[in-house]
Amino acid sequence: MDHIVVVGASLAGLRAVETLRREGFAGRLTLVGAERHEPYDRPPLSKDYLAGTADRAAIALRKDGFDDLDVVLRLGETAHSLDVDARTVGISDSTVAFDGLLIATGAHPRTLPTQPALDGVHTLRTVEDADAISKWIDGGARLCVIGAGFIGAEVAATARGKGREVTVLEALPQPMVRGVGPVIGAVLARLHRAHGVDLRLGVGVQSIAGEGRVERVHLVDGSVVACDVVLVAIGALPSTDWLTDSGLTVDNGVVCDAALRAAPGIVAAGDVCRWPNAAFDDELMRIEHWTNAAEQGVHAARTLLAGESAEPFVTVPFVWSDQYDVKIQSAGRFSADDRMEVVSGSTDDDRFVAIFERAGRVSGVLGFSQPRRVMQYRRFIADSASFADALAFAAENP
Amino acid sequence: MKIVVDFDKCKSNAVCMGAAPEVFEVRDDNFLYILQEAPGEDQRPAVEEAVRTCPTGAISVEG
Ligand SMILES: Cc1cc2nc3c(=O)[nH]c(=O)nc-3n(C[C@H](O)[C@H](O)[C@H](O)COP(=O)(O)OP(=O)(O)OC[C@H]3O[C@@H](n4cnc5c(N)ncnc54)[C@H](O)[C@@H]3O)c2cc1C
Ligand code: SF4
């Protein structure tokens with residue numbers, strides 16, 4: 001293999017480049033990224049960076065530069081097409097031949113069908129988005145967040161930390177109820193209300209309105225939220241537009257095999273990748289979390305180098321979220337209809353661990369400020385342990 | 001191999017403990033404890049995974 005092209009210069013793409021060099025790939029390496037910046041970390045964009053306690057340098061993903069990686073960086077350039085048979089990728093106005101291709105184009109925010117292009121209406125994915133939102137928050141703006149998922153909740157918490165007026169609108173009856181169920185959804189709701197968020201649940205957004213800049217959000221029930229800035233945080237979509245005519249299977253992400261191969265010599269990693277996860281009965285999964293992107297970047301690079309003998313990527317998804325002074329962590333794949341058992345602490349406090357059961361096995365764990373326990377139960381999930389075993393462990397380790 | 005953790009960066013999320021439980025432990029007080037500052041070579045793959053997956057880049061290895 002002479003030339004490997006990595007498309008997407010963020011966490012997964014960078015980890016892939018680092019791995020290729022570390023594992024002895026001596027050929028040419030090109031890293032293409034649509035953003036002008038060297039790879040940076042996204043989780044702080046809704047937390048420390050937005051709060052102003054981490055600066056641009058602190059969120060750089062590679063502190064020691066790129067010299068030792070011997071990689072051609074093509075930043076601020078977009079890949080727009082892929083020809084699988086010819087083994088070329090179209091980048092800006094050039095056509096680049098590759099022997100190996102790693103797709104790490106991540107995801108981008110979903111928007112509302114009625115989202116107007118008004119000043120003050122934002123989504124959050126890039127450092128520019130964060131800079132714009134933090135300017136509003138620092139300027140005293142009243143914030144209205146649409147969507148009480150991780151990113152919406154974190155921005156709400158950060159803005160409350162700065163004393164801003166915050167309204168959060170959520171269509172479902174509890175925050176994140178589809179993922180964590182009504183009990184923990186209610187704990188999250190309590191957490192935000194205790195910190196002064198005006199949390200409105202089960203409400204639909206009719207429109208976002210204002211003269212020149214956003215001034216209010218109209219709800220389906222006729223009520224109106226007055227605000228100066230709106231964050232639309234209703235999820236993300238995989239960035240696969242450029243692959244539409246490529247012949248790769250694209251269906252809610254680039255569909256890969258167990259070793260993250262999309263086609264011979266073509267692999268994918270990170271938020272854009274959908275693959276069968278043997279830890280969950282080969283369920284096709286696409287995961288939008290940091291740890292997964294870091295690990296898949298490494299794995300997909302190894303698959304490229306290994307060829308036929310590549311190994312499957314198997315993982316128990318893990319995510320963390322910092323909201324106020326609570327460290328929320330979860331691992332596994334659980335849904336609201338799984339049985340839930342609180343095994344440590346109590347959901348009346350902001351410090352507890354709950355585990356979830358499906359078909360006799362531990363399907364997931366979620367903790368508030370209990371990182372040690374979450375990691376211990378994550379191991380039960382990885383080992384496909386029975387729920388009874390996890391409960392026995394819980395009895396001895398409250 | 002010597003383990004160095006930058007405790008100004010560490011956020012005690014225990015990801016490293018998931019990767020290398022014999023080297024890192026986050027206890028119930030929510031602080032990270034390094035169980036072995038100079039683990040044996042058999043721990044290297046696990047420690048390297050911890051370095052790569054630590055969300056704050058707090059861990060480094062000397063030697
Ligand atoms: C505000 C925020 C907070 C988060 N907080 C957490 C958290 O607390 N915990 C957690 O686990 N996860 C968190 N995440 C998720 C985590 O950041 C992502 O899972 C991770 O960034 C995915 O990395 P990636 O490399 O797969 O994709 P991305 O980071 O999305 O990067 C993809 C890159 O590819 C580029 N690109 C796209 N299309 C093209 C193209 N055609 N040509 C060239 N380049 C292209 C994009 O510009 C982008 O730079 C957060 C995300 C955000 C936005
Ligand atoms: S993974 Fe990193 S941040 Fe988390 S506890 Fe370990 S050293 Fe600290």
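Predicted model: local features only at pLDDT ≥ 70, side-chain atom pairs only at ≥ 80, totals over all residues.
View 1. Of the 63 residues in chain B, 48% are buried. A residue counts as buried if its relative accessible area is under 20%. Chain B exposes about 3,000 Å², and 51% of this area comes from carbon and sulfur atoms.

**View 2. Elements and dimensions of chain B.** Two helices and four strands are found in chain B. Read from the N terminus, these elements follow the order β-α-β-β-α-β. The radius of gyration of chain B is 10 Å, close to the 11 Å given by the globule rule for 63 residues, so chain B is as compact as a globular protein of that length. The C-alpha trace of chain B spans about 30 × 20 × 15 Å along its principal axes. Among contacts in chain B between residues at least 6 apart in sequence, 56% link residues at least 24 apart.

**View 3. The open sheet of chain A.** In chain A, six strands make up an open sheet with mixed pairing, in the order β3-β2-β1-β7-β20-β19. Its edge strands are β3 (72–75) and β19 (261–263) of chain A, each of which pairs on one side only. From one strand to the next, the twist averages 20°.

View 4. Strands of a sheet pair through backbone hydrogen bonds, in either a parallel or an antiparallel sense. Strand β2 (residues 28–33) of chain A pairs with β3(A) in the parallel sense, over four bridges. A:Val32 stands opposite A:Arg74 in β3(A). Helix α1 (residues 11–22) of chain A packs on the sheet and touches β1 (3–7), β2 and β7 (100–103) of chain A. The direction of helix α1 of chain A makes about 175° with that of β2(A).

Technical notes: Residues numbered from 1 in each chain as written. Chains lettered and ligands numbered in written order. Heavy atoms only, no water. Pairing = 2+ DSSP bridges. Axes fitted to C-alpha atoms, helices over the stretch in contact; angles between N-to-C directions. Contact = heavy atoms within 4.5 Å. Rg over C-alpha atoms; globule rule 2.2 N^0.38 Å. Buried < 20%, exposed > 50% of the residue type's maximum accessible area, 1.4 Å probe, protein only. Areas by Shrake-Rupley, 256 points an atom, 1.4 Å probe, with all protein chains shown as cover.
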